[in-house]
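Have the structure open and follow along.

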Amino acid sequence: SSREERGRRGGLALRGMSLIFRVEEVAEIDSTNDACRQRALQGEQAGLVIRADLQTKGRGRRGRDWSSPKGNLYTSLLLRPARPAGEIATLGFVAVLALGDAVQAILPPTIRVAHKWPNDLLLNGRKVSGILLETQAVPGAAPFVILGMGVNILSHPADTPYPVTDLLANGAALIQPRELLDRLLAAFAPAYAAWEQGGFAAIEPAWRRRAVGIGQPIEVRLQSGSLHGTFRDLDSDGALRLALPEGGERRISAGDVYFPSQAPGPSGG
């Protein structure tokens, strides 16, 4: 489009700031991510947002099921980022930063809102949301990204092997999913614009302000097994630097982080 042309000529910030959200709402859907992907493949421009009251086939990372009863937020955004493909994974940091800003405003000040690497949002140590990034390459064109987000507003699953919670349980004022989505998009737009212009470095300081676990002993669960060590720091691309007990360091780009106080079991979300 001409807006995209102007964005490319005028620098990344213009294109980021010109992302206009178009929200579509449905009562029930199999998966908002799948619906967004279909539209993207048909040429839909960035900024499409699909929200559903109910998902029948919601999913989390690594294909896990994501419980999707009514009353919570289930939404997906279509993005066509102006960043190299190798940086797309850091969009998860942008998403959780915006989520934290959106929910902190409606929570009592006694609730600690925290980021757990890479993109879990915790309320007093319990997970309240899920973020799923799916990237698809398109022959002859830039890849598109579907950013799926779920937030537990009224309820949370009871059978998870890690601590979970919802907004209501933390004293939040009752909020409708659409109102929370509007707050989320308002927080996401400037963070995304900053990321498009400056990459991960532009949003890392804000992510770190709520980060938990850096400098502490952690367990990282990978698809191939578990690693124990100390969360030394983040790398410049958002990867986790794990100091190993026997010495040396391991760079981890994807995995589930557990603190010693958390219950054992596979993560979801």
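Which residue in β8 is the bridge partner of T75? In β8, T75 is partnered by M149.

## Ground rules

Before going further: this is a predicted model, where local features need pLDDT of at least 70 and side-chain atom pairs count only at pLDDT 80 or more, while totals for chains, interfaces and linings use all residues. Numbering starts from 1 along each chain as its sequence is written, and side-chain values use heavy atoms, with hydrogens and water left out.

## The chain overall

The protein chain has six helices and 14 strands. Those are DSSP runs numbered from the N terminus: H or I over at least four residues for helices, E over at least two for strands. Of the 269 residues in the chain, 52% are buried; buried means under 20% relative accessible area, exposed means over 50%, and partly exposed is in between (1.4 Å probe, protein chains only).

Take the contacts in the chain with a separation of 6 or more: 65% of them are between residues 24 or more positions apart. Contact here means heavy atoms within 4.5 Å.

β3 covers residues 73-79, and seven of its seven residues are buried. L73, T75, L77 and L79 point one way, Y74, S76 and L78 point the other way, and all are buried.

β3 pairs with β8 (residues 141-151) in the antiparallel sense over seven bridges. Strands count as paired if DSSP finds at least two bridges between them. β2 (residues 48-55) also runs antiparallel to β3, with four bridges joining them, and I50 sits opposite S76 there.

## The nonpolar cores

A nonpolar core is a set of buried Ala, Val, Leu, Ile, Met, Phe, Trp, Tyr and Cys residues joined through side-chain atoms within 4.5 Å. The largest one has 62 residues, and the members touching the most others are L79, L91, W117, L167, L180 and F188. Helix α4 (residues 91-104) supplies the largest share of this core, 10 residues.

What does L91 touch, leaving out residues up to four places away in sequence? The list is L79, P81, L133, V145, F188, Y192 and W195. There's also a second, separate core of nine residues, including L48, I50, A52 and F144.

## How α4 packs

Two packed helices are described by the angle between their axes and the distance between the axes. For α4 and α5 (residues 177-198), the axes come within 8 Å and cross at roughly 140 degrees. That makes the pair oblique, the label for whatever is left once angles under 35 degrees are called roughly parallel, over 145 roughly antiparallel and 65 to 115 roughly perpendicular. Axes are lines fitted to C-alpha atoms, for helices over the stretch in contact, and angles run from 0 to 180 degrees between N-to-C directions.

On the α4 side, the residues meeting α5 include L91, V94, A95 and L97. Their counterparts in α5 include L180, L184, F188 and W195. α4 also lies across β4 and β5, running at about 25 degrees to β5.

## The mixed sheet and its loops

Four strands form an open sheet in the order β6-β5-β4-β9, with mixed pairing. The edge strands, β6 and β9 (211-212), each pair on one side only. Four bridges join the antiparallel β4 and β5, and K116 stands opposite D120 in β5.

Two loops here are worth a click. P118 is in the loop between β4 (113-116) and β5 (120-123), and a cis peptide bond joins W117 and P118, with omega about -5 degrees. N124 is in the loop between β5 and β6 (126-127). The phi of N124 is near 45 degrees, a positive value in a residue other than glycine, and N124 is partly exposed at 43% relative accessible area.

## The antiparallel sheet

Another open sheet has five strands in the order β13-β12-β11-β10-β14, with antiparallel pairing. Why is one side of β13 and of β14 left without a neighbour in the sheet? β13 (249-252) and β14 (256-258) stand at the edges, each with a single partner strand, so one side of each has no neighbour in the sheet. From one strand to the next, the twist averages 45 degrees.

Further in, β10 (residues 217-222) and β11 (residues 225-234) pair in the antiparallel sense over six bridges. R221 stands opposite S226 in β11.
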